[in-house]
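Please keep the sequence and the model in view while reading.

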Amino acid sequence: MLKVLTIAGSDSGGGAGIQADLKVFATLEAYGMSVVTAVTAQNTRGVWGYEAVAAPLVERQLEAVLEDIGAQAAKTGMLAESNIIKAVVKGLRRHSVPIVVVDPVLVAKGGARLLAAEAEETLKSELFPLATVITPNIPEAEALLGAKIETLPQMAEAARRLKDFGPQAVIIKGGHLSGPPTDIIFDGQRIDEIPGERVTGAVGHGTGCTFSAALTVYLAKGLPLLEAAKKAKEFVTLALKAAPRVGHGISPTDPLIWSRRERERFYVLEALLSAAEILCRHPSRPLVPEVQINLGYALPLAQNPEEVAAFPGRIVGFKEGVRVVAPPEFGASRHVANIILTTMRYSPEHRAAMNIRYDETYISRARKMGLKVVEFSRADEPPAIKKREGSTLSWGVAWAIEHLQDIPDIIFDRGDVGKEPMIRLLGRRPEELVSLALSLAGLNSA
Ligand SMILES: Nc1ncnc2c1ncn2[C@@H]1O[C@H](COP(=O)(O)OP(=O)(O)OP(=O)(O)O)[C@@H](O)[C@H]1O
Ligand SMILES: Cc1ncc(CO)c(N)n1
């Protein structure tokens, strides 16, 4: 069992500190332990106050867990006072914990200090040398170095300077940049950038804690630093997207999205299979185009083609009906994934898509049924986009959605040189699309 320890403050609001760290550990299936350094009274709006735990009790907590249970990795967060830092350094040294992630928490989002100003020196001179990696955000790096940081080159320079305090590596988190939240990582040899997409809205309480806790587990699992950092970044991005609306201030991240995801992967595959079975039970042959049928379904909040499942060998025509060549898999179809991921940018609930043979009667039936039907022309695709994206259809889908100012039920095109005309159905669930396809072909017994 992977055993990891957080040494941090309690956040009564449940979104940062000890509470966030333990959620991250649990969702990544590590055994979590906690040494509480301070008790804060805070919520999503801000910190109302805190009291530090007496340093001897911090030392005793640390001794208790390390003497008995032990830890492959530890992370530190809010340490409140200089004598607490000293107690932590003593305990970590005594038990030589192999991986130590130091998140140098200085100030909370709302501006409340979480480390006494005079303790910054102790942090730099005594704890940093023990660290496998330190993970300041931009304001923390600025405070620790007394320098302004606004650009990626300035972050890289700051990372080099912080490395001189003795940690094995430095990650400067880019959440506070004005552009995309790029993190910078320096391992003493090279600087790497970890790009990211910004999640917008009043979200982000506990992002720093979530990131460093995930980093700690990935390092404990034995991943190299850069890979662990990239995975931690992906972890925090999804946890931000899933941020639940609790409280009236800044919504906390939802680390538990990661364990729900495992279940969701199973549901997605199952939904695809049972939808395909319905198709197989009908004389569905008329629905099959030259390129065969594919049906895709994405995980909630899917961010890349690996998070969209489809049928690797497609659903192929056979006699009067269709057959599934191989069971659905994640990452099986870039083409279907592009259609779905593009649609999800406009409506996250629309996670399913299916392509069927173009037939004028299907289109007129759809219109009679009152469905939203949009035609686009491949010839209208700007050449620059075509060159960049190949025939991914992202353009056609985005065009159709923007043209309608809504999500169409059906998007079709009449083809192009070497391109078969095609109908694509968009919807929330695969069964819904199969049922619609059967209705269009007049095959639905229901
Ligand atoms: N809005 C955002 N969208 C996507 N990623 C973000 C966003 N804000 C921060 N991040 C990422 O989350 C991680 C934490 O970064 P950040 O700089 O916000 O830390 P922090 O200020 O210590 O967080 P906090 O004080 O809220 O705990 C980094 O990997 C950063 O790139
Ligand atoms: C206890 C605690 N640790 C860290 C942070 C920084 O997010 C916070 N707000 N509260």
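The shell of residues around ligand 2 divides into six nonpolar, five polar and no charged residues. Here Ala, Val, Leu, Ile, Met, Phe, Trp, Tyr, Cys and Pro count as nonpolar, Asp, Glu, Lys and Arg as charged, and the others, Gly among them, as polar. This is a predicted model, in which local features need pLDDT of at least 70 and side-chain atom pairs count only at pLDDT 80 or more, while totals for chains, interfaces and linings use all residues. Residues are numbered from 1 along each chain as its sequence is written, chains are lettered from A and ligands numbered from 1 in the order in which they are written, and side-chain values use heavy atoms, with hydrogens and water left out.

The residues that surround ligand 2 include Gly9, Ser10, Thr40, Gln42, Met78 and Cys209; a residue is near a molecule if one of its heavy atoms lies within 4 Å of it. A polar side-chain atom of Gln42 lies 2.8 Å from a nitrogen atom of ligand 2. On its own, ligand 2 exposes 290 Å², and the protein buries 90% of that, with accessible areas taken from the Shrake-Rupley method with a 1.4 Å probe. The strands β1 (3–11) and β2 (31–42) each supply at least two residues of this shell; strands (E, at least two residues) and helices (H or I, at least four) are DSSP runs, numbered from the N terminus.

Ligand 1 has 20 residues around it, of which Lys109, His176, Asp183, Val199 and Lys233 come nearest. Its shell divides into six nonpolar, eight polar and six charged residues. Which helix gives the most to the shell around ligand 1? Helix α7 does, with four residues, and both α7 (207–220) and α8 (225–241) supply at least two.

One lies 2.8 Å from a side-chain N or O atom of Asn137, and a backbone N or O atom of Gly175 is 3.0 Å from an oxygen atom of ligand 1. Ligand 1 has 620 Å² of accessible area on its own, and the protein covers 92% of this.

Finally, the domain assignment gives domain 1 (3–255) and domain 2 (260–440), with bounds from an automatic or database assignment. Their centres, taken over C-alpha atoms, are 42 Å apart. Seven residues of domain 1 are in contact with four residues of domain 2, where contact means heavy atoms within 4.5 Å.

Note on methods: A polar contact is a pair of N or O atoms within 3.5 Å; within protein, one must be able to donate a hydrogen and the other to accept it, and residues adjacent in sequence count only if both atoms are side-chain atoms.
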